[in-house]
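Open your viewer and get ready to click along. This tour goes stop by stop, telling you what to select and what you will find there.

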Amino acid sequence: MTLTESTPAHSAPITERLAPIEIAPETFVIHDTYSPPGAPGAVHMNSMLIRGAEPFVVDTGTPLNRAHYLDDLFGLVEPEDVRWVFLSHDDIDHYGNVHEVMDACPNATLVASWFLCDRIGVDRLDVPPMRWRWLNDGETLDIGDRTVAAIRPPLYDSPTTRGIFDPTTRVYWASDCYATPVLGPTAFVDELDPDVWSEGFQAFQAWNSPWVAMLDAQRFAEACAVIERLAPTTIATCHGPTIGPSQIDRAFEMLRRVPTTPVPPQPNQLVLDEIVAAIESMSAELTS
Ligand SMILES: [Fe+2]
Ligand SMILES: [Fe+2]
């Protein structure tokens, strides 16, 4: 089955969980897999931890997965040891537990930006400015035993987006970019059928950043080259399996093709009708 074939509209939520995985020395992806009703598959809501001399939390997961996320994170690092909490952008799936993490970690500084604090603050940001550190696209931060760089990925869905590149492990956290939906918990893209990966990759990038279709192909290739020149050996992404060394070149190639590759349609009203019918049918069974 491919990801854009019709999946059961009333598919059950994903209950199987992936434990955190060390994708590079002292660098862990914390997994979450979410499958809303009617979605063509599932999508990861991952985050990351760099457990160096000054532990560096990369995004803070979703509120829906709060208990599991906090268990996973604090199973890897003591709260008192966390020194930095980096938010890649102001979407709830990236800052969903920021208050819980900042409250639990008295020695942590929130690594954000003016615009990010401004946009989250419209809703609520209960972290005082004395605990902020602003890190813009292209800037670096010394975190004790390494200096990480904030680098915006070529595709994103918020103007505040910055990824994180760690030159000591050559891991790049791509935020929403290089993502792909999955059929269930999947740690590495090597586990995906190559065609499923390609199809899901195209759908995710084009749906999450629909403006990519307006881009000049050459200018977009230059944006892709910014990441390619970093020479990452591993790309971790919030919304997909980790891309290891053997698949990096393929990921680069697929990303460059996004503006000129057809975009699969999103679920429409017919799919919603299926969801509603399934819910009504289940309710009728329960009450009969
Ligand atoms: Fe986003
Ligand atoms: Fe996201």
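**Before you click.** This is a predicted model, where local features need pLDDT of at least 70, side-chain atom pairs count only at pLDDT 80 or more, and totals for chains, interfaces and linings use all residues. Residues are numbered from 1 along each chain as its sequence is written, chains are lettered from A and ligands numbered from 1 in the order in which they are written, and side-chain values use heavy atoms, with hydrogens and water left out.

**Stop 1: the whole chain.** Show the protein chain as a cartoon: there are eight helices and 14 strands. Both are DSSP runs numbered from the N terminus, helices being H or I with at least four residues and strands E with at least two. The radius of gyration is 19 Å, close to the 19 Å that the globule rule gives for 288 residues, so the chain is as compact as a globular protein of that length. That radius is taken over C-alpha atoms, and the rule is 2.2 Å times the number of residues to the power 0.38. The C-alpha trace spans about 60 × 50 × 35 Å along its principal axes. Of the 288 residues, 52% count as buried (under 20% relative accessible area, with exposed over 50% and partly exposed in between, using a 1.4 Å probe and protein chains only).

**Stop 2: the iron ions.** Select ligand 2, an iron ion. Which residues coordinate this iron ion? They are Asp 93 (OD), His 94 (NE2), Asp 176 (OD) and His 239 (NE2), at 2.0 to 2.3 Å. Donors here are N, O and S atoms within 2.8 Å of the metal (3.2 Å for Na, K and Ca); water is not among the atoms, so sites may look incomplete. Along the chain, the donors follow the spacing D-H-x81-D-x62-H. Asp 93 sits in helix H2 (residues 92-95), while Asp 176 is 83 residues away, in the loop between strand S13 (171-173) and helix H5 (194-208). Asp 93 is buried at 14% relative accessible area, and Asp 176 is buried at 4%.

**Stop 3: aromatic pairs.** A search of the whole structure finds six of them. Rings of Phe, Tyr and Trp (its six-membered ring) pair if their centres lie within 6.5 Å; planes under 30 degrees apart count as stacked, over 60 as edge-to-face and the rest as tilted. Select Phe 56 and Phe 86, a stacked pair with 5.9 Å centre to centre and 20° between the planes. Phe 56 belongs to strand S6 (residues 56-58) and Phe 86 to strand S7 (residues 84-86), 30 residues apart. Phe 56 is buried at 0% relative accessible area, and Phe 86 is buried at 0% too. Because they are four residues apart in helix H5, about one helical turn separates Trp 197 and Phe 201.

**Stop 4: strand S5.** Select residues 47-50, which make up S5. Ser 47 and Leu 49 point one way, Met 48 and Ile 50 the other, and all are buried. Strand S2 (residues 27-30) pairs with S5 in the antiparallel sense over four bridges (pairing requires DSSP to find at least two bridges), and Ile 30 stands opposite Ser 47. S5 and S6 form a hairpin with five residues between them, where Met 48 stands opposite Val 58.
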